[in-house]
Amino acid sequence: MSFTQENKNDITIVLLDNDPIFSLGFRELLKNEEYQDINIIATGKVEDLSNLLSNYQPQLWLVSLDINKYPEKVKSFLAYLPQLNSQKSDISMVLLLSSGLIADFSSFPIIKGFCYKNAEFVEIIKTIRICGKKKTYYSFNNADIQNRKINNWFRKQCQLGIKEISIELDNIKNYTKDK
């Protein structure tokens with residue numbers, strides 16, 4: 001867990017993500033002058049939420065749920081969500097979702113919004129700023145969907161390259177077999 005001082009005009013957030021590289025990168029991106037209104041006052045893993053709840057009162061809890069990398073931890077968080085919603089109804093949460101996670105959060109008033117973790121950074125910032133003003137915002141903008149044409153082209157190119165490599169490996173294997 002790490003901690004930072006806060007200013008009165010900032011949107012204060014506690015970032016919970018099990019991927020320390022993402023947390024570090026997110027902090028670095030927020031150092032840009034245009035994002036100075038967003039201040040991470042603490043970071044931790046998703047499972048640190050219970051401990052951090054008693055120590056911090058940010059405007060937003062930014063919780064990253066990566067069902068692809070950490071399926072059991074995401075399931076555990078989702079199972080804890082109804083209890084959290086009833087016990088801490090005064091908190092505001094924004095979820096960063098992996099592209100494989102589809103869930104209905106409408107029955108949880110503490111969830112003020114969500115955004116795909118792989119969305120453009122400006123979309124994540126937009127979600128934080130809107131929800132930081134006590135409004136709700138659910139972003140369905142997904143970088144994977146927006147880049148599908150590029151990804152399909154790239155995938156095809158990779159498949160062609162892999163096929164060529166496979167052919168050459170077979171040629172080498174046959175050549176060395178004959179020797």
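Reply: Asp17, Asn18, Val46, Ser64, Leu65, Asp66, Tyr70, Lys73, Val74 and Lys117 line the largest cavity. This is a predicted model: local features need pLDDT of at least 70, side-chain atom pairs count only at pLDDT 80 or more, and totals for chains, interfaces and linings use all residues. Residues are numbered from 1 along each chain as its sequence is written, and side-chain values use heavy atoms, without hydrogens or water.

A cavity here is a set of points on a 1 Å grid over the protein atoms alone, where a 1.4 Å probe fits but cannot get out; lining residues have an atom within 4 Å of a point. Points are joined across faces, edges and corners, and the volume is the space filled by probe spheres set on them. The structure holds one cavity of 30 Å³ or more. The largest has a volume of about 50 Å³. Two elements give two or more residues to its lining: β4 (60–65) and α3 (71–87). Helices (H or I, at least four residues) and strands (E, at least two) are DSSP runs, numbered from the N terminus. By class, the lining has four nonpolar, two polar and four charged residues. Nonpolar covers Ala, Val, Leu, Ile, Met, Phe, Trp, Tyr, Cys and Pro; charged covers Asp, Glu, Lys and Arg; the others, Gly among them, are polar.

Strand β4 leads on to helix α1. The buried residues of α1 (residues 20–30) pack against β4, and also against β2 (11–16), β3 (38–44), β5 (93–97) and α4 (121–132). Those buried residues are Phe22, Ser23, Phe26 and Leu30. Seen down the axis of α1, they fall within an arc of 100°, so they line one face of the helix. The arc is taken from the directions from the helix axis to the C-beta atoms. On the other side of α1, Pro20, Ile21 and Leu24 are exposed. Buried means under 20% relative accessible area, exposed over 50%, and partly exposed in between (1.4 Å probe, protein chains only). At the N-terminal end, Asp19 caps α1, with a side-chain oxygen 3.1 Å from the backbone nitrogen of Ile21.

Now to α4. Thr127 sits in this helix. It is buried, at a relative accessible area of 1%. Leaving out residues up to four places away in sequence, Thr127 touches Val94, Phe114, Cys115, Tyr137 and Ser139. Contact means heavy atoms within 4.5 Å. Thr127 and Ser139 are twelve residues apart in sequence, and 7.2 Å apart from C-alpha to C-alpha.

Terms used
1 Å grid on protein atoms, 1.4 Å probe; cavity = no way out; pocket = protein on both sides within 12 Å on 5 of 7 lines; lining within 4 Å. Polar contact = N/O pair within 3.5 Å; in protein donor to acceptor, adjacent residues only side chain to side chain.
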